Amino acid sequence: MTTDTGLQARRERLVLDHFADETRQDFDAVLGTFPHPHYELIPSGEVHDGTANVRQYYTETRTAFPDQRHEIIQLRHADDSVIVEFWLLGTHRGPLKGLPPTGNAFRCRMIALFIFEGERLMCERVYFDTLTMLRQLLVGVPAAMLPTVIGGLLGQSAADATAAPERTAAAA
């Protein structure tokens, strides 16, 4: 465990500022917390690398969830990282990877590893349960639309998504 409490305090301050700037949607300030912005979203396998790519990620997620915010549950320190357990909350007001806005709110418990080299933030790696979020977002979506909606989230065309149940039945 890192014993430099001064280093821990500086890292923690950067992470707390990062969270606050994200909630305020001051993305220039958030991007400024990295020498080279890099996000890894483990459940989806998405990697957003570089200023332009990370800025696009912010734009897409805040279009989908304009009120996106965090509630920090616990913050811990490791040798090369700050580990933050938090609630992510928001209301689905815009499109998200083919999913039209449902107007539903979500609250999902997450873990983010803020990985450092010394005092420099190198990566934010986020872990969460996609099903927890989707269950909340899809409430009220007609059952007949679910294959298309879920297929869109998985990057499938509408034809592929609606044919998937038929292929499954044919294989049985």
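These are my notebook entries on one predicted model.

**Ground rules**

I number residues from 1 along each chain as its sequence is written, and side-chain values use heavy atoms, with hydrogens and water left out.

**Entry 1: the chain overall**

I started with the secondary structure. The chain has 6 helices and 6 strands. Helices here are DSSP runs of H or I with at least four residues, strands are runs of E with at least two, and both are numbered from the N terminus. Along the sequence I read the order α-α-β-β-α-β-β-β-β-α-α-α.

Next I looked up burial. I call a residue buried under 20% relative accessible area, exposed over 50%, and partly exposed in between (1.4 Å probe, protein chains only). Of the 172 residues in the chain, 41% are buried. The accessible surface comes to about 9,000 Å², and carbon and sulfur atoms hold 56% of that. Those areas come from the Shrake-Rupley method with a 1.4 Å probe; for residues, only the protein chains shown count as cover.

Then I checked contacts, meaning heavy atoms within 4.5 Å. Among contacts with a separation of 6 or more, 52% link residues 24 or more positions apart.

**Entry 2: histidine 77**

I found histidine 77 in strand 3, which spans residues 69–78. Its relative accessible area is 16%, so I log histidine 77 as buried. What does its side chain meet? The side chain of glutamate 12 makes a polar contact with that of histidine 77 at 2.8 Å. A polar contact is a pair of N or O atoms within 3.5 Å; within protein, one must be able to donate a hydrogen and the other to accept it, and residues adjacent in sequence count only if both atoms are side-chain atoms.

**Entry 3: salt bridges**

My rule is a side-chain nitrogen of Lys or Arg within 4 Å of a carboxyl oxygen of Asp or Glu. The count is 11 salt bridges. I looked at several of them.

Arginine 69 pairs with aspartate 67, with the closest N and O atoms 3.5 Å apart. Arginine 69 is partly exposed at 33%. Aspartate 67 is partly exposed too, at 29%.

Glutamate 85 bridges to arginine 76 at 4.0 Å, N to O. Glutamate 85 is buried at 17%, whereas arginine 76 is partly exposed at 44%. Glutamate 85 also bridges to arginine 109, at 2.7 Å, N to O. Glutamate 85 sits in strand 4 (residues 81–91) and arginine 109 in strand 5 (residues 105–117), so this pair ties together parts 24 residues apart in sequence. Arginine 109 is partly exposed, at 44%. Through shared partners, Arg76, Glu85 and Arg109 form one network of salt bridges.

**Entry 4: asparagine 104**

Asparagine 104 is in the loop between strand 4 and strand 5. Is asparagine 104 buried or exposed? It is buried, with a relative accessible area of 16%.

Which residues does asparagine 104 touch beyond its neighbours within four places in sequence? I listed Gly90, Thr91, His92, Gln136, Leu137, Leu138 and Val139. The C-alpha atoms of asparagine 104 and leucine 137 are 5.3 Å apart, across 33 residues of chain. A polar atom of the asparagine 104 side chain lies 2.8 Å from the backbone oxygen of leucine 137. The asparagine 104 side chain also reaches the backbone oxygen of valine 139, at 2.7 Å.

Key
Predicted model: local features only at pLDDT ≥ 70, side-chain atom pairs only at ≥ 80, totals over all residues.
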